[in-house]
Amino acid sequence: MNRNIKSYMHLGNRTLSDARDCLQDYQIRIQQRISDGVNLYVIPDRKLGWRNVPDATHPIWQYSTNTFGNRRTSRADFINEGNHILNIAIAGNSYVHGDESLDEDTWVWQLQEACQGEGIVHNLGVSAYATDQSYLRLKEFTKTTKIDVAVLALTTTDIFRNLNLCRAFILNDKEIPLFKPRFSLEDGTLRLLEVVAYEVDELSDALKDRAILKFLRKHDYFFPDEKNQLFQILRRFHVPLKSEWRRFHNPAIELTSSILNSFVAFCRENDITPIILILPVYWGAFKAGTEFDEITAKLDDASVIVDARSIFTTY
């Protein structure tokens, strides 16, 4: 059995009602923060599911964003570009964003300092992103900013998020239980499935809409239907379910590989140097396993991979 899929199913909300309640609680919490004048750091978004607010500071953690809505990598929004400055954009989830770290303690900030004025590093990382959202954010950013090198970071958590359209189905997250886009793979071609709801006032009601529910039931692997709930019950009784695990594992590997191949092709078409950065996870529920090796084997061009598993250690 794949321990990472098991972790997602274990963490997921058990019923559709649980997911509605999670979204309802989020609505109330965000509306109260707005009423109280509390800073919002992450907001729902029509295209990406959610994004960082430009020129924002987190109300709890010492995070801050610049005018692009990117996590700061310096005290200034703009660094003098000069004539031979390299523009580097790095996209990914919380491991890129640098959750629970001061701005200056994030590895992307420190990479900016290491460039010593020869490059500009843009931190496009956003908490809880999947590979699909990171890829879409990179594509969006290249429309307004010339990028020479694009880095798409991949962690174990991303892989199964790529099968998901409603984060409240997989995690009772109080801060980001939102809807997201995802790609489906149809006859070898990626098709973008858009966000079904993004207005704060409409979030919980979306899970009462028959058309939306039909769409989510068809396209979200973690939709809390009768089969998934029965699966949960059998799992608790330790019934062997290896074939059921593969229902999640194989599509996740295929889809993630296709997204990465599309990312590389997009970069090549736009004269951008692509890098796929594999970031290992050594603790918690999502320790890195064989998934990265399976994905790497399916890439059209493995030369773009920077595998940090051989660099980082558990200490």
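Author: The model is a predicted one.

Reader: What makes it a cavity and not a pocket?
Author: The test is escape. In a cavity a 1.4 Å probe fits but cannot get out, whereas a pocket is an open set. The search of the whole structure finds three cavities of 30 Å³ or more.

Reader: Which residues line the second largest cavity?
Author: The lining includes Arg51, Asn52, Phe68, Gly69 and Asn70. Asn123, Leu124, Gly125, Val126 and Arg137 also belong to the lining.

Reader: How does that lining divide into nonpolar, polar and charged residues?
Author: Three are nonpolar, five are polar and two are charged.

Reader: Now the fold. How many helices and strands does the protein chain have?
Author: There are 11 helices and nine strands. Five of the strands form an open sheet in the order 4-3-5-8-9, with parallel pairing.

Reader: Why are strand 4 and strand 9 called edges?
Author: Strand 4 (119-123) and strand 9 (305-307) each have a single partner strand. One side of each is therefore left without a neighbour in the sheet. From one strand to the next, the twist averages 20°.

Reader: How do you know that strand 3 and strand 4 pair?
Author: Count the bridges. Pairing needs at least two bridges. Strand 3 (residues 86-91) and strand 4 have five, in the parallel sense. The pair passes the cut-off, so the two strands count as paired. Within it, Leu86 stands opposite Gly119 in strand 4.

Reader: Which strands does helix 4 touch?
Author: Helix 4 (residues 107-115) packs on the sheet and touches strand 3, strand 4 and strand 8 (273-278). Its direction makes about 175° with that of strand 4.

Reader: What angle does helix 5 make with strand 5?
Author: Helix 5 (residues 131-142) runs at about 165° to strand 5 (149-154). Helix 5 lies across strand 3, strand 4 and strand 5.

Reader: What do strand 1 and strand 2 form?
Author: They form a hairpin, with three residues between them. Strand 1 (residues 42-45) and strand 2 (residues 49-52) pair in the antiparallel sense over four bridges. At least two are needed, so the pairing holds. Val42 stands opposite Asn52 in strand 2.

Reader: Is Trp109 buried or exposed, and why?
Author: Its relative accessibility is 5%. Buried means under 20%, so Trp109 counts as buried. Trp109 lies in helix 4. Its contacts, leaving out residues up to four places away in sequence, are Arg72, Thr73, Ser74, Arg75, Asp103 and Glu104.

Reader: Helix 4 also holds Glu113. Is Glu113 buried or exposed?
Author: Glu113 has a relative accessible area of 52%. The cut-off for exposed is over 50%, so Glu113 is exposed. The C-alpha atoms of Glu113 and Ser74 are separated by 8.1 Å, with the two residues 39 apart along the chain.

Reader: What makes Ser257 buried?
Author: Ser257 has 2% relative accessibility. That is under 20%, so the label is buried. Ser257 lies in helix 10. Beyond residues up to four places away in sequence, it touches Ile295, Lys298 and Leu299.

Reader: What stands out about the phi of Glu100?
Author: Phi of Glu100 is near 65°, a positive value in a residue other than glycine. Glu100 sits in the loop between helix 3 (94-97) and helix 4. Its relative accessible area is 60%, over the 50% cut-off, so Glu100 is exposed.

Reader: And where is Asp271 found?
Author: Asp271 is in the loop between helix 10 (242-269) and strand 8. Asp271 is not a glycine, yet its phi is positive, about 55°. At 72% relative accessible area, over 50%, Asp271 is exposed.

Reader: What share of the protein chain is buried?
Author: Buried residues make up 53% of the 315 residues.

Notes: Residues numbered from 1 in each chain as written. Predicted model: local features only at pLDDT ≥ 70, side-chain atom pairs only at ≥ 80, totals over all residues. Heavy atoms only, no water. Axes fitted to C-alpha atoms, helices over the stretch in contact; angles between N-to-C directions. Contact = heavy atoms within 4.5 Å. 1 Å grid on protein atoms, 1.4 Å probe; cavity = no way out; pocket = protein on both sides within 12 Å on 5 of 7 lines; lining within 4 Å. Points joined across faces, edges and corners; volume = space filled by probe spheres on them. Nonpolar A, V, L, I, M, F, W, Y, C, P; charged D, E, K, R; others polar. Buried < 20%, exposed > 50% of the residue type's maximum accessible area, 1.4 Å probe, protein only.
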